[in-house]
Amino acid sequence: MIIDLRSDTFTKPTSAMKEFMFNAEVGDDVFNEDPTVNALQDYCAELFGMEAGLYCSSGTQTNQIAIGVHTKPGDEVICSNLAHIYIYEGGGIALNSGCSMALLEGDHGRITADAIRNAINPDDIHRPISSLVCIEDTVNKGGGACYDLEEIKKISALCKEKGLAFHCDGARIFNALVAKNISPKEYGQYFDSISICLSKGLGAPVGSILIGRRDFIKKAIRRRKSMGGGMRQAGIIAAAGLFALKNNVERLKIDHEKAQVIADKLVQLSWVKSVMPVETNIVIFTVADGLTSDEMVQKLAKQDIKCFTFGPDKIRMVTHLDLTDDHYNELLKRLSSVQ
Ligand SMILES: *Cc1c(COP(=O)(O)O)cnc(C)c1O
(Lines give C-alpha, C1' and ligand atoms only; values in the text may rest on other atoms or scores of the structure.)
Protein backbone atom coordinates (compact mmCIF):
# COMPACT_ATOMS: atom_id res chain seq x y z
CA MET A 1 0.00 0.00 0.00
CA ILE A 2 1.48 3.34 -1.09
CA ILE A 3 0.78 6.22 1.25
CA ASP A 4 0.98 9.47 -0.67
CA LEU A 5 1.45 12.58 1.46
CA ARG A 6 3.25 14.68 -1.15
CA SER A 7 0.39 17.13 -1.61
CA ASP A 8 -3.37 17.49 -1.44
CA THR A 9 -3.19 17.82 -5.23
CA PHE A 10 -2.57 14.07 -5.59
CA THR A 11 -6.29 13.25 -5.36
CA LYS A 12 -8.29 11.60 -8.12
CA PRO A 13 -11.94 12.24 -9.01
CA THR A 14 -14.37 9.74 -7.46
CA SER A 15 -16.97 7.95 -9.57
CA ALA A 16 -19.67 10.26 -8.17
CA MET A 17 -17.63 13.28 -9.28
CA LYS A 18 -16.99 11.74 -12.71
CA GLU A 19 -20.68 10.95 -13.12
CA PHE A 20 -21.48 14.61 -12.36
CA MET A 21 -18.86 15.75 -14.90
CA PHE A 22 -20.18 13.31 -17.49
CA ASN A 23 -23.65 14.81 -17.22
CA ALA A 24 -22.57 18.48 -17.22
CA GLU A 25 -24.23 20.83 -19.68
CA VAL A 26 -21.60 22.69 -21.69
CA GLY A 27 -21.22 25.57 -24.15
CA ASP A 28 -18.46 27.87 -25.42
CA ASP A 29 -17.21 29.67 -22.33
CA VAL A 30 -15.19 32.23 -24.31
CA PHE A 31 -18.64 33.42 -25.43
CA ASN A 32 -19.91 33.12 -21.87
CA GLU A 33 -22.22 30.31 -22.95
CA ASP A 34 -21.16 27.44 -20.71
CA PRO A 35 -23.96 26.99 -18.15
CA THR A 36 -21.84 24.85 -15.83
CA VAL A 37 -18.94 27.33 -15.75
CA ASN A 38 -21.43 30.13 -15.13
CA ALA A 39 -23.08 28.15 -12.34
CA LEU A 40 -19.71 27.47 -10.68
CA GLN A 41 -18.62 31.13 -10.92
CA ASP A 42 -21.93 32.39 -9.55
CA TYR A 43 -22.06 29.79 -6.78
CA CYS A 44 -18.57 30.63 -5.58
CA ALA A 45 -19.02 34.41 -5.79
CA GLU A 46 -22.31 34.20 -3.89
CA LEU A 47 -20.82 31.97 -1.24
CA PHE A 48 -18.29 34.70 -0.37
CA GLY A 49 -20.72 37.59 -0.90
CA MET A 50 -18.76 38.77 -3.95
CA GLU A 51 -20.30 40.09 -7.19
CA ALA A 52 -18.64 37.81 -9.74
CA GLY A 53 -16.28 34.91 -10.31
CA LEU A 54 -13.91 33.69 -13.02
CA TYR A 55 -12.96 30.06 -13.62
CA CYS A 56 -9.28 29.65 -14.49
CA SER A 57 -6.88 26.81 -15.15
CA SER A 58 -4.79 27.08 -11.97
CA GLY A 59 -4.16 28.96 -8.75
CA THR A 60 -1.07 30.49 -10.25
CA GLN A 61 -3.22 31.88 -13.05
CA THR A 62 -5.86 33.34 -10.71
CA ASN A 63 -3.15 34.97 -8.56
CA GLN A 64 -1.25 36.33 -11.57
CA ILE A 65 -4.43 37.72 -13.12
CA ALA A 66 -5.44 39.38 -9.84
CA ILE A 67 -2.01 40.95 -9.36
CA GLY A 68 -2.03 42.21 -12.95
CA VAL A 69 -5.46 43.81 -12.60
CA HIS A 70 -4.71 45.43 -9.24
CA THR A 71 -1.34 46.97 -10.25
CA LYS A 72 0.56 48.87 -12.94
CA PRO A 73 4.13 48.03 -14.08
CA GLY A 74 6.58 49.63 -11.64
CA ASP A 75 4.24 49.30 -8.65
CA GLU A 76 5.14 47.31 -5.54
CA VAL A 77 3.28 44.34 -4.05
CA ILE A 78 3.49 43.76 -0.29
CA CYS A 79 3.47 40.12 0.89
CA SER A 80 5.18 37.59 3.14
CA ASN A 81 8.67 36.32 2.28
CA LEU A 82 7.11 32.83 2.32
CA ALA A 83 4.37 33.70 -0.18
CA HIS A 84 3.54 31.32 -3.02
CA ILE A 85 3.23 34.32 -5.35
CA TYR A 86 6.88 35.14 -4.57
CA ILE A 87 8.49 31.68 -4.31
CA TYR A 88 6.46 29.36 -6.49
CA GLU A 89 4.97 31.21 -9.45
CA GLY A 90 7.95 31.22 -11.78
CA GLY A 91 8.73 34.90 -11.29
CA GLY A 92 5.29 35.64 -12.70
CA ILE A 93 4.92 38.96 -10.89
CA ALA A 94 7.92 40.37 -12.75
CA LEU A 95 7.02 38.64 -16.00
CA ASN A 96 3.28 39.38 -16.13
CA SER A 97 2.91 42.56 -14.12
CA GLY A 98 6.35 44.21 -13.99
CA CYS A 99 6.06 44.82 -10.25
CA SER A 100 8.62 44.78 -7.46
CA MET A 101 7.87 43.19 -4.10
CA ALA A 102 8.21 44.25 -0.48
CA LEU A 103 8.71 41.02 1.46
CA LEU A 104 7.75 40.87 5.12
CA GLU A 105 8.88 38.46 7.79
CA GLY A 106 5.75 37.03 9.38
CA ASP A 107 4.66 34.49 11.97
CA HIS A 108 4.63 31.28 9.92
CA GLY A 109 3.94 33.46 6.90
CA ARG A 110 1.19 35.52 8.56
CA ILE A 111 1.89 39.21 8.18
CA THR A 112 0.40 41.92 10.38
CA ALA A 113 -1.31 45.25 9.70
CA ASP A 114 1.45 46.99 11.68
CA ALA A 115 4.21 45.51 9.51
CA ILE A 116 2.27 46.31 6.35
CA ARG A 117 1.79 49.94 7.49
CA ASN A 118 5.58 50.29 7.75
CA ALA A 119 6.08 48.75 4.31
CA ILE A 120 3.69 51.07 2.45
CA ASN A 121 5.87 53.59 0.64
CA PRO A 122 5.33 57.31 1.13
CA ASP A 123 4.40 59.47 -1.86
CA ASP A 124 8.03 60.03 -2.89
CA ILE A 125 9.31 59.86 -6.48
CA HIS A 126 12.23 57.70 -5.34
CA ARG A 127 9.98 54.92 -4.15
CA PRO A 128 7.79 52.49 -6.06
CA ILE A 129 4.04 52.95 -5.60
CA SER A 130 2.64 50.42 -3.11
CA SER A 131 -0.60 49.34 -4.70
CA LEU A 132 -1.43 45.84 -3.48
CA VAL A 133 -1.27 43.71 -0.33
CA CYS A 134 -1.45 39.93 -0.77
CA ILE A 135 -1.93 37.49 2.06
CA GLU A 136 -1.98 33.71 1.82
CA ASP A 137 -4.54 31.75 3.84
CA THR A 138 -3.63 29.05 4.76
CA VAL A 139 0.13 29.64 4.41
CA ASN A 140 1.67 26.67 2.62
CA LYS A 141 5.28 27.40 3.65
CA GLY A 142 4.07 28.26 7.14
CA GLY A 143 2.81 24.72 7.75
CA GLY A 144 -0.82 25.49 6.93
CA ALA A 145 -1.07 28.40 9.39
CA CYS A 146 -4.24 30.46 9.11
CA TYR A 147 -5.15 34.04 9.93
CA ASP A 148 -7.28 35.35 12.76
CA LEU A 149 -10.21 37.31 11.38
CA GLU A 150 -9.28 40.23 13.66
CA GLU A 151 -5.95 40.71 11.86
CA ILE A 152 -7.64 40.47 8.47
CA LYS A 153 -10.09 43.20 9.52
CA LYS A 154 -7.15 45.44 10.48
CA ILE A 155 -5.30 44.81 7.22
CA SER A 156 -8.47 45.42 5.22
CA ALA A 157 -9.11 48.74 7.02
CA LEU A 158 -5.49 49.79 6.47
CA CYS A 159 -5.70 49.01 2.74
CA LYS A 160 -8.89 51.09 2.47
CA GLU A 161 -7.31 53.97 4.37
CA LYS A 162 -4.20 53.97 2.15
CA GLY A 163 -5.94 53.14 -1.13
CA LEU A 164 -4.26 49.76 -1.69
CA ALA A 165 -6.04 46.69 -3.06
CA PHE A 166 -6.22 43.60 -0.84
CA HIS A 167 -5.95 40.13 -2.41
CA CYS A 168 -6.07 36.73 -0.73
CA ASP A 169 -4.24 33.75 -2.18
CA GLY A 170 -6.84 31.35 -0.85
CA ALA A 171 -5.53 28.22 -2.54
CA ARG A 172 -6.55 26.45 0.70
CA ILE A 173 -9.10 28.98 1.93
CA PHE A 174 -11.65 26.33 2.89
CA ASN A 175 -9.09 24.66 5.17
CA ALA A 176 -8.71 28.02 6.91
CA LEU A 177 -12.46 28.67 7.14
CA VAL A 178 -13.18 25.19 8.51
CA ALA A 179 -10.31 25.42 11.03
CA LYS A 180 -11.33 28.88 12.24
CA ASN A 181 -15.06 28.28 11.94
CA ILE A 182 -15.57 31.40 9.81
CA SER A 183 -18.27 31.59 7.13
CA PRO A 184 -17.19 32.43 3.57
CA LYS A 185 -19.54 35.44 3.56
CA GLU A 186 -18.06 36.90 6.68
CA TYR A 187 -14.56 36.39 5.29
CA GLY A 188 -15.23 37.66 1.76
CA GLN A 189 -16.28 41.17 2.78
CA TYR A 190 -12.71 42.15 3.73
CA PHE A 191 -11.08 41.48 0.34
CA ASP A 192 -11.04 43.01 -3.12
CA SER A 193 -10.30 39.58 -4.57
CA ILE A 194 -9.74 35.97 -3.50
CA SER A 195 -8.30 33.10 -5.51
CA ILE A 196 -9.48 29.62 -4.56
CA CYS A 197 -8.10 26.24 -5.66
CA LEU A 198 -10.59 23.50 -6.46
CA SER A 199 -7.85 20.95 -7.16
CA LYS A 200 -6.28 20.78 -3.71
CA GLY A 201 -8.06 19.44 -0.64
CA LEU A 202 -11.43 19.78 -2.38
CA GLY A 203 -10.51 17.00 -4.78
CA ALA A 204 -11.37 18.39 -8.23
CA PRO A 205 -8.88 17.38 -10.96
CA VAL A 206 -8.29 20.93 -12.22
CA GLY A 207 -9.22 24.56 -11.80
CA SER A 208 -9.24 27.64 -9.62
CA ILE A 209 -11.67 30.50 -9.19
CA LEU A 210 -11.03 34.20 -8.86
CA ILE A 211 -13.78 36.23 -7.19
CA GLY A 212 -14.25 39.98 -6.77
CA ARG A 213 -16.33 42.94 -7.89
CA ARG A 214 -17.92 42.93 -11.33
CA ASP A 215 -15.62 45.60 -12.81
CA PHE A 216 -12.58 43.71 -11.46
CA ILE A 217 -13.72 40.42 -13.01
CA LYS A 218 -14.39 42.18 -16.32
CA LYS A 219 -10.73 43.23 -16.44
CA ALA A 220 -9.69 39.78 -15.22
CA ILE A 221 -11.46 38.12 -18.18
CA ARG A 222 -9.47 40.28 -20.60
CA ARG A 223 -6.22 39.43 -18.84
CA ARG A 224 -7.04 35.72 -18.74
CA LYS A 225 -7.60 35.84 -22.50
CA SER A 226 -4.25 37.54 -23.07
CA MET A 227 -2.56 34.81 -21.02
CA GLY A 228 -4.12 32.14 -23.22
CA GLY A 229 -6.50 31.10 -20.49
CA GLY A 230 -9.80 31.27 -22.36
CA MET A 231 -11.31 27.78 -22.44
CA ARG A 232 -14.20 26.51 -24.54
CA GLN A 233 -16.51 23.73 -23.23
CA ALA A 234 -14.90 24.02 -19.81
CA GLY A 235 -18.10 22.96 -18.07
CA ILE A 236 -16.88 19.39 -18.23
CA ILE A 237 -14.12 20.25 -15.72
CA ALA A 238 -15.96 23.07 -13.96
CA ALA A 239 -18.57 20.47 -12.97
CA ALA A 240 -15.92 18.76 -10.85
CA GLY A 241 -15.33 22.05 -9.06
CA LEU A 242 -19.02 22.52 -8.39
CA PHE A 243 -19.27 18.96 -7.08
CA ALA A 244 -16.20 19.51 -4.87
CA LEU A 245 -17.60 22.71 -3.35
CA LYS A 246 -20.91 21.05 -2.57
CA ASN A 247 -19.54 17.79 -1.17
CA ASN A 248 -15.97 18.11 0.05
CA VAL A 249 -15.76 21.21 2.25
CA GLU A 250 -17.06 20.00 5.62
CA ARG A 251 -14.92 16.86 5.51
CA LEU A 252 -11.72 18.93 5.54
CA LYS A 253 -11.83 18.76 9.33
CA ILE A 254 -11.09 15.02 9.04
CA ASP A 255 -7.85 15.90 7.20
CA HIS A 256 -7.00 18.38 9.94
CA GLU A 257 -7.53 15.82 12.71
CA LYS A 258 -5.35 13.29 10.91
CA ALA A 259 -2.59 15.86 10.37
CA GLN A 260 -2.56 16.62 14.10
CA VAL A 261 -2.25 12.93 15.03
CA ILE A 262 0.55 12.44 12.48
CA ALA A 263 2.38 15.43 14.00
CA ASP A 264 1.94 14.01 17.52
CA LYS A 265 3.41 10.73 16.29
CA LEU A 266 6.34 12.37 14.46
CA VAL A 267 7.42 14.43 17.44
CA GLN A 268 8.07 11.20 19.40
CA LEU A 269 10.46 9.76 16.78
CA SER A 270 14.22 9.89 17.25
CA TRP A 271 14.88 11.11 13.68
CA VAL A 272 12.54 14.08 14.07
CA LYS A 273 13.84 17.21 15.78
CA SER A 274 10.68 19.32 15.84
CA VAL A 275 7.30 19.74 14.20
CA MET A 276 5.69 23.05 13.23
CA PRO A 277 2.36 23.71 14.96
CA VAL A 278 -0.41 22.03 12.97
CA GLU A 279 -3.49 24.16 12.25
CA THR A 280 -4.90 22.52 9.14
CA ASN A 281 -3.83 19.70 6.79
CA ILE A 282 -0.10 20.43 6.44
CA VAL A 283 2.62 18.95 8.66
CA ILE A 284 6.12 20.39 8.30
CA PHE A 285 8.86 18.94 10.45
CA THR A 286 12.61 19.27 10.91
CA VAL A 287 14.81 16.17 10.86
CA ALA A 288 17.24 15.46 13.72
CA ASP A 289 20.73 17.03 13.68
CA GLY A 290 23.13 15.21 11.37
CA LEU A 291 20.35 14.02 9.06
CA THR A 292 19.19 15.58 5.81
CA SER A 293 15.63 15.79 4.57
CA ASP A 294 16.71 14.16 1.28
CA GLU A 295 17.96 10.99 2.96
CA MET A 296 14.89 10.75 5.20
CA VAL A 297 12.51 11.21 2.26
CA GLN A 298 14.33 8.32 0.55
CA LYS A 299 14.03 6.13 3.66
CA LEU A 300 10.33 6.92 3.90
CA ALA A 301 9.95 6.09 0.20
CA LYS A 302 11.40 2.62 0.90
CA GLN A 303 8.44 2.12 3.26
CA ASP A 304 6.11 3.33 0.48
CA ILE A 305 5.50 6.63 2.25
CA LYS A 306 5.75 9.45 -0.26
CA CYS A 307 6.47 13.03 0.84
CA PHE A 308 8.50 16.04 -0.27
CA THR A 309 11.53 17.81 1.18
CA PHE A 310 10.81 21.39 2.15
CA GLY A 311 14.35 22.68 2.54
CA PRO A 312 17.62 20.94 3.52
CA ASP A 313 16.33 19.76 6.91
CA LYS A 314 12.55 20.01 6.50
CA ILE A 315 9.91 17.61 5.21
CA ARG A 316 6.27 18.30 4.38
CA MET A 317 3.38 15.85 4.66
CA VAL A 318 -0.13 16.80 3.55
CA THR A 319 -3.37 15.00 4.38
CA HIS A 320 -6.21 14.88 1.85
CA LEU A 321 -9.36 13.05 0.85
CA ASP A 322 -7.54 10.20 -0.88
CA LEU A 323 -5.70 9.35 2.35
CA THR A 324 -8.15 6.71 3.55
CA ASP A 325 -8.44 5.46 7.13
CA ASP A 326 -6.50 2.36 6.04
CA HIS A 327 -3.65 4.48 4.65
CA TYR A 328 -3.65 6.58 7.75
CA ASN A 329 -3.57 3.68 10.25
CA GLU A 330 -0.86 1.97 8.22
CA LEU A 331 1.15 5.21 8.11
CA LEU A 332 1.12 5.54 11.91
CA LYS A 333 2.39 1.95 12.14
CA ARG A 334 5.10 2.33 9.51
CA LEU A 335 6.48 5.63 10.84
CA SER A 336 7.75 3.85 13.96
CA SER A 337 9.70 1.34 11.91
CA VAL A 338 11.65 4.00 9.98
CA GLN A 339 15.11 4.36 11.51
C1 LIG B 1 -1.09 25.41 -4.89
C2 LIG B 1 -1.04 26.82 -4.53
C3 LIG B 1 -1.33 27.83 -5.47
C4 LIG B 1 -1.69 27.56 -6.91
O5 LIG B 1 -1.01 26.56 -7.51
P6 LIG B 1 -1.39 25.93 -8.92
O7 LIG B 1 -0.57 24.71 -8.91
O8 LIG B 1 -1.01 26.91 -9.94
O9 LIG B 1 -2.86 25.65 -8.94
C10 LIG B 1 -1.31 29.14 -5.05
N11 LIG B 1 -1.03 29.45 -3.77
C12 LIG B 1 -0.77 28.51 -2.84
C13 LIG B 1 -0.52 28.93 -1.44
C14 LIG B 1 -0.75 27.17 -3.18
O15 LIG B 1 -0.48 26.26 -2.26
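Two strands are taken to pair if DSSP finds at least two bridges between them, and strands themselves (E, at least two residues) and helices (H or I, at least four) are DSSP runs numbered from the N terminus.

## Basis of the model

This is a predicted model, in which local features need pLDDT of at least 70 and side-chain atom pairs count only at pLDDT 80 or more, while totals for chains, interfaces and linings use all residues. Residues are numbered from 1 along each chain as its sequence is written, and side-chain values use heavy atoms, with hydrogens and water left out.

## Strand β6 and its partners

Strand β5 (residues 130-136) pairs with β6 in the parallel sense over five bridges, and L132 stands opposite A165 of β6. Strand β7 (residues 193-197) also pairs with β6 in the parallel sense, over four bridges, with I194 of β7 as the bridge partner of C168.

Six of the six residues of β6 (residues 165-170) are buried (under 20% relative accessible area, with a 1.4 Å probe and protein chains only), so the strand is largely enclosed by the rest of the structure. In a regular strand the side chains alternate between the two faces of the sheet. In β6 both faces are covered, with A165, H167 and D169 buried on one side and F166, C168 and G170 buried on the other.

T319 is found in the loop between β13 (314-318) and α14 (325-337), and it counts as buried because its relative accessibility is 1%. Leaving aside neighbours within four places in sequence, the residues in contact with T319 (heavy atoms within 4.5 Å) include D8, D255, H256 and N281.

Terms used
Buried < 20%, exposed > 50% of the residue type's maximum accessible area, 1.4 Å probe, protein only.
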